[in-house]
Amino acid sequence: MNFLQVNDLCKIYGAGENRVAALDHVSLTIEKGEFVSIIGSSGSGKSTLLHALAGVDRPTSGQVLLDGQDVYAQNPEQLAIFRRRQVGLIYQFHNLIPTLDVVENITLPVLLDHRRVNRQRLEELLDLLGLAERRTHLPNQLSGGQQQRVAIGRALMNAPAVMLADEPTGALDSRNGQEIIRLLKQSHEKYRQTLIIVTHDESIALQADRIITIADGKIARDVRRAARV
Ligand code: ADP
């Protein structure tokens, strides 16, 4: 079974003269554990697609199925739980809570879910992200790269099946950007997560198993790299 399946997805904004088809009959399937990059010019519909996959932006029509589950057929409460447990969403601007320290920011989704923090996973993530020495620091006591690592930790804390990143390196210099991509790949390999990254950076896109190009709300190209040996 396909892990992530998108059937004839449309997202229409506005009406009349202002009507924009941000997604125009998009269908695609993604396997479990795949690393996919989504590229395309600004305004082509990349973020809209990512948010539709993440369960945060209801499409006008069409379906998103994750592991056989029809994401938007769920009631609002089920959808909120789905978002907290199944997907890890990472943005360019990390949306950390300024008054919470590193550990509190990372464990926030677990606490919101009324679940106990898996201490072993927390320690593993702090090590993986190089934040073990920074656990009690507030976001404004961290560099941009470190803040982005906290955002990744937060997205990973619930061990989501899918990691979705929207221009995760856009606000970083190239060295920190590469470091973030290395961490995302490491986590994707270690936890066998599906990783989907929207990027305009070709050097990042080329590291994926598959590159999907979006143009005018449609899939213009979908290219898999030859299997690596
Ligand atoms: P990308 O991520 O590729 O830059 P987006 O998915 O953000 O593109 O946007 C796709 C199209 O949908 C653009 O034409 C954009 O202007 C339009 N759009 C996105 N969000 C909204 C919105 N909330 N209201 C109206 N139009 C929107």
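View 1. Around the ligand sit Y13, V20, A22, S41, S42, G43, S44, G45, K46, S47 and T48, where a residue counts as near if one of its heavy atoms lies within 4 Å of the molecule. This shell divides into 3 nonpolar, 7 polar and 1 charged residues. Here Ala, Val, Leu, Ile, Met, Phe, Trp, Tyr, Cys and Pro count as nonpolar, Asp, Glu, Lys and Arg as charged, and the others, Gly among them, as polar. Please keep in mind that this is a predicted model, in which local features need pLDDT of at least 70, side-chain atom pairs count only at pLDDT 80 or more, and totals for chains, interfaces and linings use all residues. Residues are numbered from 1 along each chain as its sequence is written, and side-chain values use heavy atoms, with hydrogens and water left out.

View 2. Which residue has a polar side-chain atom 2.5 Å from an oxygen atom of the ligand? That residue is T48. K46 places a polar side-chain atom 2.8 Å from an oxygen atom of the ligand, and for S47 the distance to a ligand oxygen atom is 2.8 Å. The protein covers 57% of the 560 Å² of accessible area that the ligand has on its own, with areas taken from the Shrake-Rupley method with a 1.4 Å probe. Helix 1 (46–54) and strand 2 (20–30) each supply at least two residues of the shell, and helix 1 gives the most, with 3 residues. Helices (H or I, at least four residues) and strands (E, at least two) are DSSP runs, numbered from the N terminus.

**View 3. The largest pocket.** What is the volume of the largest pocket? The volume is about 440 Å³, meaning the space filled by probe spheres set on grid points that are joined across faces, edges and corners. A pocket is an open set of points on a 1 Å grid over the protein atoms alone, where a 1.4 Å probe fits, with protein on both sides within 12 Å along at least five of seven lines; lining residues have an atom within 4 Å of a point. There are 18 lining residues, and R83, R84, V87, L89 and P109 lie nearest the centre. Two or more lining residues come from each of helix 2 (76–86), strand 6 (87–90), helix 3 (102–112) and helix 5 (144–156). Strand 6 provides the largest share, 4 residues. By type, the lining has 12 nonpolar, 3 polar and 3 charged residues.

View 4. T194 lies in strand 8 (residues 194–198) and is buried, with a relative accessible area of 0%; buried means under 20%, exposed over 50%, and partly exposed in between (1.4 Å probe, protein chains only). The side chain of T194 reaches the backbone nitrogen of G33 at 3.0 Å. N105, in helix 3, is buried as well, at 1%. G62 belongs to strand 4 (residues 61–66) and is partly exposed, at 41%. Although G62 and N7 are 55 residues apart along the chain, their C-alpha atoms are separated by 5.5 Å.

**View 5. Two residues with a positive phi.** H25, in strand 2, has a positive phi of about 60° although it is not a glycine. D67 sits in the loop between strand 4 and strand 5 (69–70). The phi of D67 is positive too, about 55°, and D67 is not a glycine.

Key. Polar contact = N/O pair within 3.5 Å; in protein donor to acceptor, adjacent residues only side chain to side chain.
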